[in-house]
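Here is a short briefing on one protein chain. Look through the sequence and the 3D view, then work down the topics below.

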Amino acid sequence: MVDAARARKLADRIQQIVAEMLERRIKDPRLGFVTVTDTRITNDLRDATVYYTVYGSDGERAETAAALESAKGVIRSEVGRKTGVRHTPSITFVMDSLMENAAHIDDLLAKARAKDAEVARAAQGATPAGEANPYREAAADEDGEDDLGGRDAAEGGEDGRTGRPSS
């Protein structure tokens, strides 16, 4: 097994190489507007998975996937040449569903905002369902005694000592 930091560095380097190759060297007309989002490599450095997104329709995504699959050998040999590792990792391209997930989250947030606005509109003219102050308060009688039966709140117990009940 390899150090995790070394594997992460190699994955980052592979991501840079693949992005550069797609931008400058691969001239396939089927290749759409591709963005390499992430690269992960196994602990034994044998297999690299490159995640990418494509801006466009489903047909353009399928064509881009086919173009990446056909350019895989050229990209792998360039990765091997530029990284200098003993065994060049095999490369797998995986469509990253980041854009679809972001769009789905945006839709959910828009629905939540609409529901919040609906609740706020309904609550504008609403009044409480009970009394204005639902908490009980100790009300003093006309003769100055409160609801505690004439005892001071600080007295507490039956024997006059504070905080201790009678035994």
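Two residues are in contact when heavy atoms of theirs lie within 4.5 Å. Keep that in mind for the chain as a whole: among contacts with a separation of 6 or more, 58% link residues 24 or more positions apart. The model is predicted. The chain has 167 residues, and 22% of them count as buried.

**Overall layout**

- Four helices and three strands make up the elements of the chain.
- Read along the sequence, their order is α-β-β-α-α-β-α.
- The chain exposes about 12,200 Å². Carbon and sulfur atoms supply 50% of that area.

**Confidence**

- The mean pLDDT of the chain is 82. A value of 70 or more is reached by 82% of the residues.
- Which element has the lowest mean pLDDT? That is helix 2, residues 58-70, with 89.
- Strand 3, residues 90-95, has the highest mean among the elements, at 92.
- Where pLDDT is low, the predicted coordinates should not be read in detail.

**The hairpin**

- Strand 1 covers residues 33-41, and strand 2 covers residues 47-55. The two run antiparallel and are joined by eight bridges.
- Val-36 stands opposite Tyr-52 of strand 2.
- How many residues lie between the two strands of the hairpin? There are five.
- Leu-45 sits in this loop between strand 1 and strand 2. Its phi is positive, about 60 degrees, although Leu-45 is not a glycine.
- Is Leu-45 buried or exposed? Its relative accessible area is 10%, under the 20% cut-off, so Leu-45 counts as buried.

**Asp-38 in strand 1**

- Asp-38 lies in strand 1. Its relative accessibility is 17%, so this residue also falls under the 20% limit and counts as buried.
- The side chains of Asp-38 and Arg-40 are joined by a polar contact of 3.1 Å.
- Set aside neighbours within four places in sequence. Asp-38 is then in contact with Arg-8, Gln-15, Thr-49, Val-50 and Tyr-51.

**The largest nonpolar core**

- The largest nonpolar core holds 26 residues. Those with the most contacts inside it are Val-18, Leu-22, Ile-41, Ile-75 and Phe-93.
- Six elements are named as giving two or more residues to this core: helix 1 (4-25), strand 1, strand 2, helix 2, helix 3 (72-83) and strand 3.
- Which element gives the most to this core? Helix 1 does, with eight residues.

- Val-18 is found in helix 1. Its relative accessible area is 0%, so Val-18 is buried.
- Beyond four places in sequence, Val-18 touches Val-36, Val-50, Ile-75, Val-79 and Phe-93.
- Val-18 and Ile-75 are 57 residues apart along the chain, yet their C-alpha atoms are separated by 6.6 Å.
- Leu-22 has contacts of its own. Leaving aside neighbours within four places in sequence, they are Leu-31, Val-34, Val-36, Leu-68 and Ile-75.

- Thr-64 has its place in helix 2. With a relative accessible area of 0%, Thr-64 is buried.
- What lies 2.9 Å from a polar atom of the Thr-64 side chain? The backbone oxygen of Glu-60 does.
- Not counting residues up to four places away in sequence, Thr-64 touches Arg-30, Leu-31, Gly-32, Val-34, Tyr-52 and Val-54.
- Val-54 is found in strand 2. Its relative accessible area is 6%, so Val-54 counts as buried as well.
- The C-alpha atoms of Val-54 and Ser-97 are separated by 9.7 Å, and the two residues are 43 apart along the chain.

Terms used
Residues numbered from 1 in each chain as written. Predicted model: local features only at pLDDT ≥ 70, side-chain atom pairs only at ≥ 80, totals over all residues. Heavy atoms only, no water. Pairing = 2+ DSSP bridges. pLDDT = per-residue confidence, 0-100. Buried < 20%, exposed > 50% of the residue type's maximum accessible area, 1.4 Å probe, protein only. Polar contact = N/O pair within 3.5 Å; in protein donor to acceptor, adjacent residues only side chain to side chain. Core = buried A, V, L, I, M, F, W, Y, C linked by side-chain atoms within 4.5 Å. Areas by Shrake-Rupley, 256 points an atom, 1.4 Å probe, with all protein chains shown as cover.
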